[in-house]
Amino acid sequence: MFTRDKTRAVKIGKVTIGAGNLVRVQSMTQTRTNDVQATVKQILDLEEAGCEIIRVTVPDMESAKAIKAIKKQINIPLVADIHFQYLLAIEAAKQGVDKVRINPGNIGGTDRVKEVVRVCKEKNIPIRIGVNMGSLEKDLYAKYGALGVPRVMIESATRHIKILEGLKFYNIVVSLKGDNAVFAREAYMLFAKRFDYPLHVGITEAGTLWAGSIKSAVGIGSILAEGIGDTIRVSIADDPKEQVKVGWEILRALGLRQKGVDIIACPTCGRTQINLIDLARKVESIVSKVDAPIKVAVMGCVVNGPGEASFADIGVCGGRNQGAIFKKGKLLKTYQEKELLQAFIAEIKTVLIEKGYKKEISKLAFH
Ligand code: SF4
């Protein structure tokens with residue numbers, strides 16, 4: 001197993017990744033970058049959802065020039081996503097972007113790379129090399145074939161890295177994305193054996209919210225579980241706030257980071273005698289904006305509920321048309337089903353106060 005602290009540190013604006021720093025949740029805007037107002041609004045919404053680094057597409061000079069105005073109005077590092085056009089990378093850097101995603105082998109020759117590197121060195125901006133399974137070099141693909149995709153990705157990344165290293169540029173982040181989680185994992189593992197550059201991890205075109213979340217959790221999760229990965233992005237076809245939420249859930253499931261309330265709910269079975277699924281959904285919705293490291297359990301029965309969720313700070317378990325609230329596995333009080341939600345939320349408030357998160361109470365959302 002590799003460990004994140006073996007990678008070198010790279011600074012993206014005020015956030016440092018690699019060298020054992022926290023794994024950061026990243027996302028990408030869906031707006032036209034030259035629409036500054038819409039882009040800033042989406043970034044601020046994403047910040048609130050927990051996004052820590054944001055990438056915007058820069059397909060033209062107008063978008064590159066919009067970066068300065070966007071940066072002034074946001075609070076997280078901004079990354080410019082550029083394909084082929086080196087002048088856009090230079091302009092984005094001049095406008096104050098915090099990282100540039102561009103592949104040096106694809107921008108048309110050494111002089112152009114030198115110019116990009118010169119500006120990035122001057123501004124102390126890292127470059128992310130983004131290797132994507134969907135657009136691999138034909139000669140490498142011919143060499144390794146369809147089953148050798150992870151090796152093709154590594155060789156492709158190596159080509160780009162060598163170009164930058166040849167210019168004594170080492171402020172590098174790499175991603176090796178693809179829609180095949182097994183290949184992606186193998187590629188990241190091979191890379192981590194050879195290089196110490198921080199890695200941005202993602203499974204591309206993962207799919208819709210439901211299927212894409214599962215695929216991302218398996219793919220990103222299995223890579224992170226190897227001790228590999230410094231930033232993550234969940235590429236699902238949905239509101240980017242959902243990408244951020246899923247990203248945080250992956251980190252929480254691996255014990256790497258926690259944001260928000262951790263809700264445990266049993267799957268229900270023949271013992272369940274209250275509408276537990278509805279209760280769990282309501283609790284989840286009410287606490288969705290609360291940012292406090294507490295565990296809340298919603299369990300179907302008193303037979304197994306309190307024991308199985310004894311590690312929860314506060315829990316509820318169902319009985320016949322009623323429910324019991326328990327704290328750290330100990331019974332507090334029993335309520336009729338119709339009073340249960342309200343009583344449970346009151347107890348959650350008490351836990352928030354006890355744990356020093358009184359301010360978070362105002363974020364409880366009743367619809
Ligand atoms: Fe069934 Fe009780 Fe377990 Fe829920 S906690 S799955 S109701 S046994």
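1. Helix 7 covers residues 181-194, a run of 14 residues. Helices (H or I, at least four residues) and strands (E, at least two) are DSSP runs, numbered from the N terminus. The expected span of a helix is 1.5 Å times one less than its number of residues. For helix 7 this gives 20 Å, and because its end C-alpha atoms are 20 Å apart, the two values agree.

2. The model is a predicted one: local features need pLDDT of at least 70, side-chain atom pairs count only at pLDDT 80 or more, and totals for chains, interfaces and linings use all residues. Residues are numbered from 1 along each chain as its sequence is written, and side-chain values use heavy atoms, with hydrogens and water left out.

3. The buried residues of helix 7 are A181, F183, A184, A187, Y188, L190 and F191. Here buried means under 20% relative accessible area, exposed over 50%, and partly exposed in between (1.4 Å probe, protein chains only). These buried residues pack against helix 6 (149-166), strand 8 (172-177), strand 9 (199-207) and helix 8 (209-224); contact means heavy atoms within 4.5 Å.

4. The N-terminal end of helix 7 is capped by N180, which has a side-chain oxygen 3.0 Å from the backbone nitrogen of V182. A polar contact is a pair of N or O atoms within 3.5 Å; within protein, one must be able to donate a hydrogen and the other to accept it, and residues adjacent in sequence count only if both atoms are side-chain atoms.

5. Around the ligand stand C266, P267, T268, C269, R271, T272, G300, C301 and N304. A residue is near a molecule or strand if one of its heavy atoms lies within 4 Å of it. By class, this shell has four nonpolar, four polar and one charged residues. Ala, Val, Leu, Ile, Met, Phe, Trp, Tyr, Cys and Pro count as nonpolar, Asp, Glu, Lys and Arg as charged, and the others, Gly among them, as polar.

6. The structure holds 25 salt bridges, each a side-chain nitrogen of Lys or Arg within 4 Å of a carboxyl oxygen of Asp or Glu. One of them joins R257 to E52, with the closest N and O atoms 2.9 Å apart. This pair links distant parts of the chain, 205 residues apart: R257 is in the loop between helix 9 (240-253) and strand 11 (262-265), and E52 in the loop between helix 1 (36-49) and strand 4 (53-57). Both R257 and E52 are buried.

7. A salt bridge also connects D291 and K259 (3.2 Å, N to O). D291 lies in the loop between helix 10 (276-286) and strand 12 (295-299) and K259 in the loop between helix 9 and strand 11, so the pair ties together parts that are 32 residues apart in sequence. D291 is partly exposed, at 31% relative accessible area, and K259 is partly exposed at 24%.

8. The side chains of E360 and K363 form a salt bridge as well (3.0 Å, N to O). E360 counts as buried, at 11% relative accessibility, whereas K363 counts as partly exposed, at 35%.

9. Q95 is found in the loop between helix 3 (86-94) and strand 6 (99-101). Q95 counts as buried because its relative accessibility is 16%. Leaving aside neighbours within four places in sequence, Q95 is in contact with A64, K65, I67 and K68.
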